[in-house]
Structures are given as C-alpha cells and as structure tokens.
Amino acid sequence: MSQRPPSAAPMEPVSRGRRITGIAVAVLIIVIALGALAFFALNDLLVDRLWFESIGQVGIWELRTFGRLAVLVPVTLVTFLVLTVSILLALRGMETPVVRARPVREGRRKTPFDPMTQEEMDAAFREILGTVDDLTRELSPRAIRGILIGLAGVVALLIGLATSADWETILLWVNQQASWGPGALPDAIGPGAGAPMDGVSDPVFGLPIVTWLFDLPLWRMVVEAVGSLLDALIVLTGIAWLLRARRSLALPEGRLWAWHLGILVALRVAIGAAGFQLDKLGLAFQQREYPAPAGIGATDAAVRIPAADLMTILTLVASVVLFVAIIRRRWAWAGGAFGAWLGVALLAFGVAQVNQALFVTPNPLDQERAWLANDIGATRRAYGLDGWEIRPYPASAVLTAEAVEEDSETFENARLWDYRPLGASLDQLQTVRQYYDFTDVDIDRYEIDGRSRQVMLSAREMALDRNPAVDNWLNRHFVYTHGYGVAMVPVNAVQRDGLPDLIIRDLPVVSEPGAPRITEPRIYFGERAAPWVITGARTDEFDYPGTDASGKDATYRWTGDTGIRVGDGLNRLILGLWAGDIVSFLTSPQIQDGSQILLRRTVAERLLSLAPFLAWDRDPYLVITPEGRLVWMADGYTASDRYPLARAFPRSAATGIANLPTARFNYLRNSVKAVIDAYDGTVRFYVNDPNDPLISTWASVYPSLFSPLSDLPDGLSGHLRYPEGLFNVQTGVFEAYHVTDPTTFYQGDNLWTVPAGPAQQGQTLPGEAYYVKMRLPDAETPEYLLIQPMVPAKRPNMIAWVAARNDGADRGDVLVYQLPSDTTIFGPTQIEARIDQEPEIAAQITLWDQSGSSVIRGNLIVVPVGDSFVYLEPVYLQSTSSAFPQFTKIIVATPTRVVWADTLDEALRLALDDEGGGGPVPTPAPLPTPRPDGTPEPGATAAPVTPAPVATPRPGGDLPSDVEELIRLADAAFDRAQAAAGAGDYETYGREMATVKAALDRLAELTGRSPAP
C-alpha cells in the first residue's frame, strides 16, 4: 500500500500568520517612522511652547499656533466641500459610453480673422472633446472622480494656507478698537500720547481711520480668497464637464451644465466689481514724487474714482450678460460684453492721461491745492507732527559771560565724551579679561549727589568668542554663563590723563559715593548675541575674576525660575534635538534634576518672540533701578502702510528701527515701552500711547501681555525717553511737512533737512541727534532733551533746532525753535569747515596724525545759550596700534571764533574774550580731587587738564633736533603710554604722555607752527 504524500494544507495557517506578522511589523515601522518624522518636524514648535511656558505666557503660544489653524482648517474644509460638490454635480450620471469614431471636420475658415459661425464653434468644441477623450481613454469614471477630488483637496489646502497667512488680519478685525474703551485702563494715557483716533475720518471718502486700518485689509483678503475659490471652481468644474462629455462629443442633454458654469463665471466676474471698489480706496495709499500730493490727487478725483464706480457697474452688468450668454449659448454676446468692458476701461485710462496732461500738469498748483492740503494734514497726523509746537528763536544775541553763567548747569552736563570713543576706552580699561565686552554705551540721567546728572553707562557682557582658548562646550554652556556689572561715567568726567573718570567700575562692582548702587550686577540677558546656557548644573558658574591673594575666581549659581527645566528626560530629548547635540544632552553628567536652560538671551530675541507684530528701536538702553537691579528698556512701535492720504517713509531710511512690517510705511507711533530684566529675562510691556488704535487692538488680542504705563515702577519712569528711532523718522518727514500752506509746500523753496555728515569720515564721527541736559529758552531749570539741528535744503546755515522733551508731564512734547528765514547762523557743516580751517587746530591735528597716532573728533553738539549758540566738539587721540581713545581737547565755537583748550571752562573763556563778552566764566565743575593712589576722585566730574611735562625723555635732558627722530620718539612714548594705561599704571602713563607733549611742542617749533593752546 503506497503512502500518500504529505498534504501542504497544514502549512497554510503558518504562512498566513507570518504574512499577518509581517504586515503588522511593517505598519508598526511606518507608524514609528511617521511619528519620528512628525517629532522632528514639530521640534521647534515644541521648544517654542516650552519657552513660552517657562515665562508664563503659554497663552500667547496657543493663540498663535491654534489661531492660524482656526483659519486654515475651516477654510480648507469649506473650500474642499464646495469644490467636491461642484465636481460631483458635473460628473453625476457619468457612465462609460461606447467607443466612438473620431469626427472629421468638413470645412475651415478661410482666414483666422473671419468670424466663426455657430456651426464652426460647435465643430471646434467637438474637436476639443475628441482630444480630451484621446488623452483620458483609459480612465474609468471612478478614476476620474478620484483624480478630480484629489486635485480639489490640494487646491483647498493651498487656498487655506494662503488665507491663514493673514490670520492676524482676521484677529485684528474681530478685536478692533479705536481706544481702550470706557472704563478700560482709565489712567493709561501718559505724556507723549498721540491724539485720539475716535471720530477721525479721511476727507475724501469719509471713512473712519479704523476702517482703513482694520476693515479694508479684511475686505481685500476676503475678495482674494473668494476669487481664488471661484477660479478653482471654474477650472475643476469645467474639466469635469469636459470629461463627462468627452465620448459623446456633445454637451450633455439639458441646461444643467450651462446653469452650473454660468453661475460660477458670473460670480467670478461680479467679484471683480468689489475689486474695483477696493482699488478705488487703494488710491488713497499711492505715492507720487514730491511735491505732488500723496494719496488722491486731482486726476484721481476727477477721473479715476468716477471711472472705478463706472467699471464696478459695468462689471456687474457684464456678469449678467455672460450668464445669459452661457445659458443661451450666445458666445457673441459674451464677446460683445467683454469688448465693451475693455473699451470703457481703456477709455477711462486715456481720459485720465488727457486730464493730467491738459488740465493738471499745466496748472498743478491750482488743480492740486486741495489735495495738497489733504496730504499735509494726513501726513502730519500719521507721524504725530500735528502736536509739534513751533516757536521763534532770534539767535541774534552775542554770547556773554552772563548767558553762560545763567546756563551753568547746561555746561556742567556738557558732553565731553562721545559714546563711540568711550566704548573703545572702556574695552581697554574695564573688560579685565579677554572674554568680556562692552557692546554699547547708553546715555541717561541719574540723581547723583542730589543733582540730576547726565551719564554714560555700558554693560560688561560675556563674549567668550573673544578668547578661543577657553571657548569649549563646557565653558560656553555651563561655566561662563553671564556678564557682570557696568561702567558709568558722567558725560563731562575726565581724569587729568584724559581717561574717563568712572563712578561705577571694576570687578566686583565699585560705586563711588552718590553713584547708583548695584545689588544684582549679573547679566544673563543683554544686547550681545549669546548662546544658550544651562544653570543649576553640577559645575558652578564663573562669576568674576578673583581679587584675593589666592587668585581664585568667584563662582555663582543662578536662582531664577524663568528657564526651561531640562532635567526631565523628555525635555532633554526635545532640547537636545533642537540644539543639534542630542547625545551630549542625554549623557552629560552636568545636567541635574534642577537644571534649567536659558534661551533667547538677547533683548531683541525676547522682544520679537513675544511681540513680532511690533517694530523695535535698535538701541535698547541699560537702567539701574533704585533697588540696584539692572534692566533693559526698549521702545516699541506700531507701524502701518494703510493711513489714507499720508506720505510714505522708506523702511531703508528708518535705520534706527528694526522689524518694520512693510517696505514703506506711512503711520508710526511709539506705542510701547518694554522692560527686560538683565538677570532673569522677565519682559514687561507697557502701553505708552493707548490712543493708538493698533496697540489698543493688540492689547485686546493679548491682554496678558500689556499693562498701562501707570503700572511702570516709579523708579523707572524717570528713565523714559523720546526714542531716537521715532525722532529720526519724524524729523525726516518734518523736512518738508513743517510747511502747512499748500502753495509754499508745492513750490518747495522752504525745504529743511538734517545736516549731512562730515566730509572726512575717517577722522570726524558722523553727526546725529543727541541727548543733552540743558535749559530751554524761557524755562527755569534744565531738562533732558533730544536735540536735532536743521538747515535749509539748499544752504548750510542753521534754520531751526528741534527739541524733544523727556521729563515729567512734558515727556513726549516736541518744540521747534525756528530761526529767522534770512539767518546767517552757522550750521554744523559750516562749523566743521571752520574747525578744519583754524590754523592752530589744523596744524596740531596734522602733527598728531604724523606721529603714530590718530585723531577722532566727536559728535558736534549745538547748545542754544541766551538767544545765541555755542558749538562743542570733543577731540580724542589714540595710537594707531591700539583702540584706546584719550580725551585730549574740547573745541568751542561761537558765531565769530573757533578755539580749543584742555578744559571746557578755559575754552569758554577764550571764546568769550573774542566775543567781547568779558567777565568771569563759571567753571563747569570742580577739578577732580586726587585719590591716595594719585588718580582723581571719581565723584568730582572735572573738565580735563592735559598733563604738563614732568621729565625729559632722554638721559641727557635734550630733545632731538631732527624732525624724523622727534616723530619716532613721540610715537614710541605714546605706545608706552597706552600699554601702561591698559595695565592700570597711570603714573607711567602720565609720564609718557608728558614726553609725547614735549616732543610735539618741539616738533611744532622746528616746523614753524605755533603749538596748540
């Protein structure tokens, strides 16, 4: 009996099980891969959430993340639904027809320009259907449906993404406000707030300003979104109908296709009518070259606005004609409607050109006068110039000792230091170690010894990249985590050797009596770009270099709670992936349970992360609070390009402002004051101008982010200031818009301008607006001001000076002191030229430049005094081998004389003697009292005294008689002086500088030039 071969049937379950297992494993791998991909893709978003959560503002992250989704999802779904319904309606009942034969057209037109008959149109349509059938012969009805619905999904997603990009436009429209509203923040309006926008409308269309700022952008967005949807509907629905008719080579029976496509085409054309109305309103934003009016002009009012209304009506009529033409298959009607529409559009364009050429251009002033008035009024309101007060300033008096005596406090705060050379000096004197950096020097005012004094101060920030020897992963992220302390000097405080007389200095921080005390000097958040750091690690943080005999560095551990907890395993993974060093994050023994990572450590990063919808002044400034903490203060701006009829300002010219929203803007407000704690990075926003509808609306959107200015701590209110960025833009606009008469404005013969920079850029620092402590004319006490001289556009004489006030209830007020139109008062560029032409000054500067050193002339400061002017310009000397500027001279210029001297009071005496003022001149400040170590007492802010020669430079006591030898001697002595100053050996520094002076005096004798006073 033969055995039956074993059956293969029992193996089938095993094989099936393996297949199921394989499928499951494949699915699992795909799920894991997709999850990993999503994790990597969303990593930045997760880190972003962790950061917002660490600073207590997670609501902002949620609104920005889900706010965009709240627009994207419904728009995409609705668009997809509408497209799908339209496609399925067109494809309804489509079945696979029998194979047909390709028709052959019997006749053709003789020329392409002969009009087509209805029969020829039908034949052409059949030919198109035949071509479509050839291309889609292999596609089943189900495949066609799938392809078209897939295309609908892609188009819907694209439209949703495009619309969601403007999600903030919807948000602002929903929350729009013209003011804070009744009862909301009743004490928020602070000094300098702009005029309320309630009830303000444009003079042409009569629309409120809030309509232009909020409603118009939404209308434009809706019209564009609906237009895109209708375009997609027409294309996809038309394709669906073509595919349905492709085999029969004839339109489907009935009129459904005609009604379907006719309605869509008519709606698409009709939406163009809304576009014409929006374009009509958009004329209010157009810009013409000065002096033609910005916004709407004479031709716009006479032709373009009526033409836009006419085209709106014609477009609606055309939509109806097109609908009827499709229903009735009267293609000639459609062509006629389009031809009539195009003809009227071309006619309107031509009429506008003719009107401009025949009526406006030959007589522009009479034609444009009313529109120029609109431009002037709107521009002045848009930039806040309508509140500037113009006062006469005769500038006819001769400078006298009495006038100087009366303004003695002004001269006590006269700036002998320019922030640019001072920054270089601080880098040499106060960095202590190579990994510190004084990034910027700020100007402010403080109560010192019971008096308000203008000072300059700078933060000592960590700059580990300046010392590559210690720049490694551990040091960069765990050890060298923060800067330490500040350097502060009164603006006129100079030691006898020409160095800044610091009243706050050194490590650890030393404050002289009367100077602000610093209780928390550590700077974890500053202006300088800084990497992420981890605090609470196993290794202590470096605090400051050791000062005791052991030389051991001081250490510290951060005590804040605004960092991201990094000890958690998931956070380690997320942050390690974000940092691009996941292995180190997961394995480093430095990271402990209580460790925190500090991100976005620059002031700019934190401000833009929290309020990217605001523009920010590029120069945040450091403030010492009464409690001794260090904080940064920054000015935020709201800007727009949608203020009707206003002149636009180019973003490229607003160099003092960052993150402006558009390439050209025509509305600007200093709406926010921000405070950033330098230790823990806490950010607070205070509304400076609640009358600005933009910031009031943003505050409604983000109520947890903004507070009224009245909530600002009292110790900081005295440090608020008029920001340079806003001031520079305003003075730039004011150059033309100080004129309010349309005739004068158009003639353009009364243009002002900000004085141009000096010609010799390598030696003289460019001029700019400057903060000063001085007394305004007719005022009783000095105040903190931001000053900008102005000159006529076609000549260099000074025509006005603008002063923005910064103190108390007057903060935000701007005064324009206008000189007589025929003034001959010298402007800054003329004074610079006179300085260059002064023989003694020019000779001495030439000698210094030839002896291995370079001369730096600081910012020229114009000081109004007793209906006259005094011009002050400090002079600094530095070796060409080291960036160590030393204050050397102060130049004082009057309308009749240019002098310089070692001290300000001496220079004023020389100037007054020549003016004929005579009499004693008050010393701006007492001479510095020497300390026990021989250096002046920091509390005394004296004008400088150049050291006298105390020793001959050679053993024989004689100076060389050879010019080249003298130059080499002076150069070598100057280099030794700089090296001594860098090492803190000021005794040697003074001795070597005395040698330099003696050599230069001898050199002047040999060359036949008089030594400088």
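**Entry 1: ground rules**

Helices (H or I, at least four residues) and strands (E, at least two) are DSSP runs, numbered from the N terminus, and with these I looked up Val 432, which I found in the loop between α14 (419-429) and β2 (436-438). I note that the model is predicted, that local features need pLDDT of at least 70 and side-chain atom pairs count only at pLDDT 80 or more, while totals for chains, interfaces and linings use all residues. Residues are numbered from 1 along each chain as its sequence is written, and side-chain values use heavy atoms, with hydrogens and water left out.

**Entry 2: the whole chain**

I counted the secondary structure of the chain as 27 helices and 33 strands. Of its 1013 residues, 51% count as buried, where buried means under 20% relative accessible area, exposed over 50%, and partly exposed in between (1.4 Å probe, protein chains only). I then turned to contacts, meaning heavy atoms within 4.5 Å, and noted that, among those with a separation of 6 or more, 70% come from residues 24 or more positions apart.

Val 432 has a phi near 70°, which is positive although the residue is not a glycine. Asp 449 also has a positive phi, of about 55°, and is not a glycine; I located Asp 449 in the loop between β3 (442-448) and β4 (451-462). Is Asp 449 buried or exposed? With a relative accessible area of 51%, Asp 449 is exposed.

Next I looked for cis peptide bonds, and I recorded one that joins Tyr 290 and Pro 291, with omega about 10°. Pro 291 sits in the loop between α8 and α9. Another cis bond runs from Leu 507 to Pro 508, with omega near -10°, and Pro 508 belongs to the loop between β7 (504-505) and β8 (510-511).

**Entry 3: two helix pairs**

Two packed helices are described by the angle between their axes and the distance between the axes. The axes are lines fitted to C-alpha atoms, for helices over the stretch in contact, and angles run from 0 to 180 degrees between N-to-C directions.

In the contact of α8 with α9 I listed 20 nonpolar, six polar and two charged residues; here Ala, Val, Leu, Ile, Met, Phe, Trp, Tyr, Cys and Pro count as nonpolar, Asp, Glu, Lys and Arg as charged, and the others, Gly among them, as polar.

For α3 (residues 58-91) and α6 (residues 167-175), the axes come within 9 Å and cross at roughly 95°, and α3 and α6 are therefore roughly perpendicular to each other. On the α3 side I found Leu 63, Arg 64, Gly 67, Arg 68 and Val 71, which meet Trp 167, Ile 170 and Leu 171 of α6. These contact residues divide into five nonpolar, one polar and two charged.

**Entry 4: a buried histidine**

I placed His 719 in the loop between α20 (714-717) and α21. His 719 counts as buried because its relative accessibility is 6%. Leaving out residues up to four places away in sequence, His 719 touches Asp 444, Arg 445, Tyr 446, Tyr 621, Val 623, Ile 624 and Met 633.

On a 1 Å grid over the protein atoms alone, a cavity is a set of points where a 1.4 Å probe fits but cannot get out, a pocket is an open set with protein on both sides within 12 Å along at least five of seven lines, and lining residues have an atom within 4 Å of a point. Points are joined across faces, edges and corners, and a volume is the space filled by probe spheres set on the points.

I found four cavities of 30 Å³ or more in the whole structure, and the largest cavity has a volume of about 90 Å³. Its lining has 13 residues, with Thr 410, Ala 414, Val 772, Ile 861 and Val 863 nearest the centre.

The largest pocket holds about 870 Å³ and is lined by 44 residues. Which element gives the most to this lining? I noted α21, with seven residues.

How values were computed: Parallel < 35°, antiparallel > 145°, perpendicular 65-115°, else oblique.
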